[in-house]
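Subject: Structure handover

Hello,

Here is the structure for your files. My notes on it come after the coordinates.

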Amino acid sequence: MTLICRSKHGSFSAVVIFLALLLAPRLYIFPQQTQSASHQSAATSVATHAEFPQLIDITAATGIHFNHLSTPEARYVVESMSGGVALIDYDGDGYPDIYFTNAQSVEMALAGKKAKSALYHNNHDGTFTDVTDKSGVGYPCWAMGVAVGDYNNDGLPDLLVTCFGGVVLYRNNGDGTFTDVTKQAGLGNDTAWATGAAFGDYDGDGFADLFVAHYVDFHLDDLPTFGSRLTCKYHNVPVQCGPRGLKGFRDNLYHNNGDGTFSEVSKQAGVDDPQGFFGLTAVWSDLNGDGRPDLFVANDGEPNYLYRNDGNGHFTNVAYQAGVAVNQDGAEQANMGVALGDYLHTGRFSIGITHFSEEYAALYRNDGDLNFTDVSYASGIAQSTTPHVGWGDAFFDLDNDGWPDFFMVNGHVYPQVGAAGIGTKYREPKLLFLNQRNGTFKNISQEAGAAIQIPQVSRGLAVGDLFNDGHIELVVENLEGEPMILRPDGGPQNHWVSLALQGTKSNRLALNARVRVTAGELVEEDEVRSGGSYLSQNDLRLHFGLGKHESIDRVEIFWPSGAKDVLTQLPVNRFYTVQEGHGVVNSQPAARPLSFAPHP
């Protein structure tokens with residue numbers, strides 16, 4: 001069936017939708033049991049031993065009660081784009097804490113009212129405590145997204161919040177509090193609508209630089225009228241205006257001066273975005289393996305940027321030559337969230353990008369030397385993503401078999417979409433794809449538990465081992481109401497290892513350090529990254545599933561400074577802290593596994 005439709009970008013596209021019968025989902029039963037005295041907050045469940053784990057909703061058991069503010073009609077594009085979430089171990093206790101961004105409505109802003117973001121401290125027992133007021137990070141701005149970096153290289157992770165109106169840099173004081181140092185750091189002149197941000201040491205001087213993408217040149221004193229023109233309609237239904245039809249805004253690159261300040265160097269570096277594309281998510285990654293971090297920027301409804309790091313403080317946009325500017329048909333897409341992963345075990349990071357409905361989530365296979373191939377359909381990712389508007393995404397190892405799987409969250413932009421009569425809804429389910437180890441993925445969304453089938457208006461996604469027991473949790477921020485925290489439950493009992501890296505000559509958080517883990521025939525690579533997903537931040541620790549391998553033969557760490565460390569014969573199922581030039585400086589076993597009953 002072919003649908004000719006009008007997207008949020010105001011352009012017509014022909015989309016072929018293939019409908020296929022799905023296998024009936026397996027039925028799993030999680031009987032509720034009595035809570036233990038030592039873990040009263042965490043109800044137990046009966047683990048399954050299926051082919052893969054179930055994703056269960058544990059939000060209620062964690063004690064997190066954050067609510068993202070939303071407007072029922074979302075009459076302005078600025079009301080639809082917030083919702084970034086970050087995992088950050090701000091107090092250095094070895095457990096990831098969670099920061100949620102929040103955003104007011106246009107009506108609230110015009111009335112001088114603010115929305116409260118939230119920081120939750122990890123209590124190590126399956127629960128979290130709201131420490132927002134104590135920490136001082138509750139009211140940064142009209143918040144969009146968040147990234148983690150150590151701007152002053154003191155070993156403490158700092159928070160960078162992107163805003164409708166610039167950025168806010170919170171310095172980690174090391175005592176559970178943060179200080180707003182935006183102006184002192186030289187970032188106060190950025191007053192545009194900032195979206196995706198990422199830290200990365202692009203010139204190798206040991207200090208993390210900062211890139212900030214910008215979206216629309218939007219002003220509260222010049223609001224576009226809802227449904228007023230062609231680019232403010234979706235299938236002839238009046239909706240919010242933008243981004244198409246509005247003016248974009250240039251991006252910024254800030255060089256770290258090494259003294260706690262930044263200098264804006266976008267133009268001389270060649271990343272100033274002179275056309276003012278609608279920038280959303282940005283991420284640094286060494287995509288060609290030359291030891292220098294390149295920069296990928298997802299632009300909404302316009303060609304992406306892939307800035308090759310030339311090694312002299314300058315970048316060259318090679319997105320078209322590399323094959324990642326547009327899709328395989330040469331069409332621009334609504335590029336939103338960005339996930340990087342070595343899903344093929346080639347030692348190269350491929351790029352997954354979420355898109356608007358009636359498009360498809362794209363997978364660009366990294367073929368080496370900055371050459372990519374659009375394998376969205378060949379991999380099995382594209383077919384089931386066309387009805388949805390995708391946002392946060394991640395490659396993560398669901399079952400610890402050593403092969404990264406793919407997860408994406410969805411939710412439409414327009415609350416009015418139901419009136420279009422095309423079968424698309426405002427609230428949408430999430431999608432999970434299992435790596436088949438042959439370059440393809442299997443959509444197991446209907447078989448991985450009821451939680452991800454609950455329709456929500458999701459935006460940000462961050463992944464990490466919240467409870468230090470070898471399971472990777474997924475933290476989803478929703479534009480409406482509470483977040484959802486998903487935990488793998490049951491499945492095969494595979495081994496794993498987790499690595500936290502500390503730079504010495506390199507930047508202290510070891511951003512863009514690469515790690516290769518070898519266990520028998522299994523060889524995996526990953527990289528420490530700031531930013532990514534959709535305006536969000538994953539845990540900076542690197543987690544590797546090991547399948548049935550009971551020992552690790554070799555771990556190679558390629559530091560941003562050019563140094564290399566090699567570790568051998570490491571026991572599995574442990575957390576290692578590795579310092580550049582000094583090897584393992586701390587080793588901890590897995591915490592006692594927690595059990596949760598799925599949220600009813």
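This is a predicted model: local features need pLDDT of at least 70, side-chain atom pairs count only at pLDDT 80 or more; totals for chains, interfaces and linings use all residues.

Residues are numbered from 1 along each chain as its sequence is written, and side-chain values use heavy atoms, with hydrogens and water left out.

Disulfides. The structure holds 2 of them, a disulfide being a pair of cysteine sulfur atoms within 2.5 Å. One joins Cys 141 to Cys 163, S to S 2.1 Å. The torsion about its S-S bond is about -75°, so this disulfide is left-handed. Cys 141 is in the loop between helix H3 (132-135) and strand S8 (143-149), and Cys 163 is in strand S9 (residues 158-163), so the bond ties together parts 22 residues apart in sequence. Helices (H or I, at least four residues) and strands (E, at least two) are DSSP runs, numbered from the N terminus. Cys 141 is buried at 19% relative accessible area, and Cys 163 is buried at 1%. Buried means under 20% relative accessible area, exposed over 50%, and partly exposed in between (1.4 Å probe, protein chains only).

The other disulfide joins Cys 232 to Cys 241, S to S 2.1 Å; its torsion is about 110°, so it is right-handed.

Strand S24. Of the 7 residues in S24 (residues 362-368), 5 are buried, so the strand is largely enclosed by the rest of the structure. Strands pair if DSSP finds at least two bridges between them. S24 runs antiparallel to S23 (residues 350-353), with 3 bridges, and antiparallel to S25 (residues 371-374), with 4 bridges.

Regards
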